[in-house]
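Colleague: I am new to this structure. Please show me how to read its features, one at a time.

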Amino acid sequence: MSEFGGEPEGTSLGWERASAGRMRDLVCGWSLSGVYVSVTAEGCGVGGLRRLAAPFVVPGPTGMAVRTRLKHLTPEDEKVLTLVGAHLGSLASKDLKARCADGLEHDAEAWAARKRDLTPVSSARWAGSITKASHDQWALARRCQLAHIQSLEAAIDTIRHRLSLPIGAKGDKRAPGGYRSRREWFAKTRRLHVLEDRLARERTDRASGVVHVVRGGKSLARSRHHLEAAQLTETAWRRRWEAERWFLQADGESGKRFGNETIRVSPDGEVSVKLPAPLAGLANTVHGRYVLTGRVAFAHRGQEWADRVAANRAVAYRIHFDVQRDRWYLTASWQTPPTPVIPIEAALADGVIGVDMNADHLAAWRLDTCGNPIGAPRRLYYDLFGTADHRDAQVRHALTRLLHWARTCGVKAIAVEDLDFAAEKTREKHGRRKRFRQVISGMPTGMLRVRLTSMADQMGITVIAVDPAYTSKWGAQHWQQPLTSTTRKTTRHDAASIAIGRRAQGHPIRRRTAPPRIHQSDGYGHRIVQAGPVALGREGPRPRIPGPRTRCVPPDAARTRATRASNTVRDAPAAQVWIQDSLLLTD
C-alpha cells in the first residue's frame, strides 16, 4: 500500500477557460506568478493561496483537416485557378466591407440580400461560401477586439497603481512597486494618457459594432512600407499580397455528389471546380466545370476521407497557393462526432505521464497509480524560432515522440497544464524584462493543446488538464532534491511534471501525508507530518555528519585509550557469548 493519497481539489473548469492566475510559477527559470507564499502543504484559500480547480478530461476534437499538394498542374490549370481566385477574392473583399458596415444591425435579411447580390456574378454556392466566410471573419474580429480591450484595461490599472506609489518604492510578491526614477515616472504618465485614449476609442468602436479587418493580413500590409526589412521586392510583395487575398474555398454539402458541388474531389483523386458565371467560358467539361490535370491523394487520414467521399458526406475544401514555395495545396476538412469522454478514474487505471511545457522542451515523467515516479524523466526538445510552419512542425514532432513513449509504456493518460498566457504578455506587467515577454509570447500553448488533443484521440490516449497553480514551486519543494543523485540531475521542470501528474490523479503534491490518528506514535501521540532533518528514517537527504566515514579505530587510539574516559553510556551489561561443546564420538 502506498503512503500517498488525497482528495480532488476545487471544482471543475473548462479547457478553454484558463486565466492568468492559473499558471505555473516558473518558465525557463523566470518567475511568472506574482504570488510567492511560504507553504508546506497544498490547500484551498489558506494563507493567500487561491482555490485550485479539479482535473478534468479534455474532450476530443470535433473536426479534422488534412492537406496535400496539387501536383502536375499545367500552365492552363494554374491560369484558371488564378483567375477564379482573383475574381472571387474581389467579391469577398466587397462582401466583407458590406458586413462590417452593417455592424450590430446585421440580421438574416441582410445576409440574404448580400447573397442575392453575389449570386449573379458567381453562383449560389460560391455566394454562400463567401458570405459565411465574411460573417466568420467579422465575429473573429469582435473577439480579438474584446481581448484587446481587456489587455488595455489591465495595462492601465497597472500603470495607475505604480504611479500612485512613491518613486523607488519596493513591491511585494502580489503587486509591483513604484517606478525607479522620475524620468520613468514621467514617461509612464504620458503612456497612461495614450492608453486611455486608445481604450476609449476601442470601447466606442465596440459599442457601435465597428471592427477593423485587413484581408490578406495586417502584418503583410505593413511590410509594404518596409520592404528592405522584410527582404522583399515590390514585385514579390505584390505577388504575395494578391495571393493572400484570393478566395478558393467551398463548404461541404451532405447528400451531394462526393460531399461538395463547388470544389469536387472524387475518390480516385480527380479535382474539378465549378467556375463562376463570368468565367464559365474557361470550362473544359460539362455544366461549367473545370477539371484539373493532376490527381491528389491524402497521405494522412486518407482512408477516412475516402469513406466520407464515397458516402457523399460533407467535406469542405480550400485551394491555397504558397508564393514562397511556388506550390498549390488542397486542404480538406470535415466535422466528426465528439469522442465519448471516459471517466477520469478509468483513464488513470494504468498510471499517467505528467508533462510540463517550457519554452524549449517538454519535461515528462511517468507515474504509477499511486503517484510514484517510475524510471527516468524524458525531455522532448523543440525549437520555436523561425517560420510558423517550422514551429508547428517542431511541436508536432515533440508530441509524436511523447505519444509513442506513452503507448510503449502502456499508459492511457497524459496530464498537462491548462495554460493561457493571454493576460501575462503585457509590457506593463513585466516592465523592462523584454526577453521574458518574448519567451512567454512564443510559447504555443494553444497550438500544443489543439495538436495534443487531436493526436492523442487517434491513439486512444486521454488528455487530462489540471490547474497549473504552484506546480513548479511545490514540485521543486517536494520532489527535486530527493530525486537528484550523482548519476541523474533532476531539474525544476522535471519535478513540476511529477506535480502535474499527481494533481491529475487527485493526490497532494507533497511526498508524505499524516497517518491515521490511532497509528500516530503509541496510539494517541503527536507526530508531525514531515520527519525532522536528522531522523534516520526520513525520506530525504540527511545533513552530512562531520568525521570519518568508516568504523575503523583512529590511529592514536592505543596511546590515548588508557588516559581518556569512555564517552559511551552502557545501559545493559555486555552480552555473554555461548559456545557449544563438540559432540562426543562413541562406538
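Modeller: We start with the whole chain, then take helices and strands in turn.

Colleague: What should I know about the model and its numbering?

Modeller: This is a predicted model: local features need pLDDT of at least 70, side-chain atom pairs count only at pLDDT 80 or more, and totals for chains, interfaces and linings use all residues. Residues are numbered from 1 along each chain as its sequence is written, and side-chain values use heavy atoms, with hydrogens and water left out.

Colleague: How many helices and strands does the chain have?

Modeller: The chain has 16 helices and 15 strands. Helices (H or I, at least four residues) and strands (E, at least two) are DSSP runs, numbered from the N terminus.

Colleague: What percentage of the 587 residues count as buried?

Modeller: The figure is 41%. Buried means under 20% relative accessible area (1.4 Å probe, protein chains only).

Colleague: How do I describe two packed helices?

Modeller: Two packed helices are described by the angle between their axes and the distance between the axes. Here, the axes of α1 (residues 75-102) and α2 (residues 108-118) come within 11 Å and cross at roughly 160°. Axes are lines fitted to C-alpha atoms, for helices over the stretch in contact, and angles run from 0 to 180 degrees between N-to-C directions. That makes α1 roughly antiparallel to α2 (angles over 145 degrees).

Colleague: Which residues make the contact?

Modeller: Leu91, Asp95, Arg99 and Asp102 come from α1, and Ala110, Arg114 and Leu118 from α2. Contact means heavy atoms within 4.5 Å.

Colleague: Is helix α14 mostly covered or mostly uncovered?

Modeller: Helix α14 (residues 471-480) is mostly covered, with 7 of its 10 residues buried. Among them are Trp474, His478 and Trp479.

Colleague: Now a strand. How do its side chains point?

Modeller: In a regular strand the side chains alternate between the two faces of the sheet. Take β11 (residues 352-357): 6 of its 6 residues are buried, so the strand is largely enclosed by the rest of the structure. Val352, Gly354 and Asp356 lie on one side of β11, Ile353, Val355 and Met357 on the other, and both faces are covered.

Colleague: Which strands pair with β11?

Modeller: Two strands pair if DSSP finds at least two bridges between them. β11 pairs with β12 (residues 361-367) in the antiparallel sense over 6 bridges. The two form a hairpin with 3 residues between them, and Val352 stands opposite Leu367 in β12. β11 also pairs with β14 (residues 413-417), in the parallel sense over 2 bridges. There, Gly354 stands opposite Ala415.

Key. Parallel < 35°, antiparallel > 145°, perpendicular 65-115°, else oblique. Buried < 20%, exposed > 50% of the residue type's maximum accessible area, 1.4 Å probe, protein only.
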